[in-house]
Amino acid sequence: AGLHAGFTVTVPNPSIKVKENERADLKCTYTADFGATPRVEWMFNDLKGSQSFIYFDNKPTAQYASRITVYSGGLRFNKVTRADTGNYDCEVSGNGGYGEKTVKLTVLVPPSKPVSRVPSSVTTGSNALLTCFDNDGSPPPTYKWYKDNSPLPDDPSKFPFFKNLTYKMNAYSGVLEFPSVSKLDIGSYFCESSNGEGAPQRGDAVRMNVHDVDSSQVPAERDTLSTETYVVPSESTLNHIMEKMYGVFTLQEVKQKLEIQKLELEITKLKLELQKQRHEA
């Protein structure tokens, strides 16, 4: 009479998690109001967006023939691998009717040692990116960064010990970004990946050093007196020179060394003046 079949396709468990190398049952049942056996097909959609048939024309496709069994209640993997993670479409059709349901399969794999990239040397004020990636963990791991063996909080402003740091950390991409590097960021860094399966895994620690980019501005030492005009540097420039020459000191030590430097410059000016007077005489 040209009647179309009414389909009801059901998946009891739309999301399944199974450890790698274990068996997996993807349940898919259906009911139809006609006597003929409907056509059942299984389609796989992987995490990269590729599609492929698993079961077509009443038989498994070549690449799955030795790994799966299709029965009236669903699809069974004898042993799953991490590549089997993805969405499985159960498609039922016949006599003008059609129904489809999806089962999401996640193959659980512990994280592996992550691959990280930490620059060994960066310049003050520059943008620095530290990256961390684990290609094996399933579900995809989240990431945490450590500095000098201390875990970095997601928001450093909420913790007194880290409040002067200005990094940005993404737990999902594994990126630790320093928009403007300072000397406070000097330290040894490593990342950790975890996904709830097995123990968290840590990458290698790498020390990141921070140096000033304008080191060429530090004047060279003079072996002889010059008759040219000697310009006295500003206090800010002297501060920079002192840090280059002696490293980071306490405020009191810096002030004392600045006073000494000023006295030395005054003496130099007097010597130049005397030399000039003798030359004129």
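Which residues lie nearest the centre of the second largest pocket? In this predicted model, they are Leu47, Lys48, Arg82, Asn135 and Gly137.

**Second largest pocket**
- The pocket holds about 420 Å³ of space.
- Its lining is made up of 18 residues.
- By type, the lining of the second largest pocket has eight nonpolar, five polar and five charged residues.

**Disulfides**
- The whole structure contains two disulfides, and their pattern along the chain is 1-2, 3-4, counting bonded cysteines.
- Cys28 is bonded to Cys90, with an S to S distance of 1.9 Å. This link is left-handed, with -80° about the S-S bond. It ties together distant parts of the chain, 62 residues apart: Cys28 sits in the loop between strand S3 (24-27) and strand S4 (29-32), and Cys90 sits in strand S10 (residues 86-94).
- Cys28 has a relative accessible area of 3% and is therefore buried; Cys90, at 1%, is buried.
- Cys132 is bonded to Cys191, with an S to S distance of 2.1 Å. This link is right-handed, with 75° about the S-S bond. It also joins distant parts of the chain, 59 residues apart, from Cys132 in strand S14 (residues 128-133) to Cys191 in strand S19 (residues 187-194).
- Cys132 is buried at 2% relative accessibility, and Cys191 is buried at 0%.

**Asp212**
- Asp212 is found in the loop between strand S21 (206-211) and helix H1 (235-246).
- The side chain of Asp212 makes a polar contact of 3.0 Å with the side chain of Thr124.

How values were computed
Residues are numbered from 1 along each chain as its sequence is written. This is a predicted model: local features need pLDDT of at least 70, side-chain atom pairs count only at pLDDT 80 or more; totals for chains, interfaces and linings use all residues. Side-chain values use heavy atoms; hydrogens and water are left out. On a 1 Å grid over the protein atoms alone, a cavity is a set of points where a 1.4 Å probe fits but cannot get out, and a pocket is an open set with protein on both sides within 12 Å along at least five of seven lines; lining residues have an atom within 4 Å of a point. Grid points are joined across faces, edges and corners, and a volume is the space filled by probe spheres set on the points. Ala, Val, Leu, Ile, Met, Phe, Trp, Tyr, Cys and Pro count as nonpolar, Asp, Glu, Lys and Arg as charged, and the others, Gly among them, as polar. Helices (H or I, at least four residues) and strands (E, at least two) are DSSP runs, numbered from the N terminus. A polar contact is a pair of N or O atoms within 3.5 Å; within protein, one must be able to donate a hydrogen and the other to accept it, and residues adjacent in sequence count only if both atoms are side-chain atoms. A disulfide is a pair of cysteine sulfur atoms within 2.5 Å. Buried means under 20% relative accessible area, exposed over 50%, partly exposed in between (1.4 Å probe, protein chains only).
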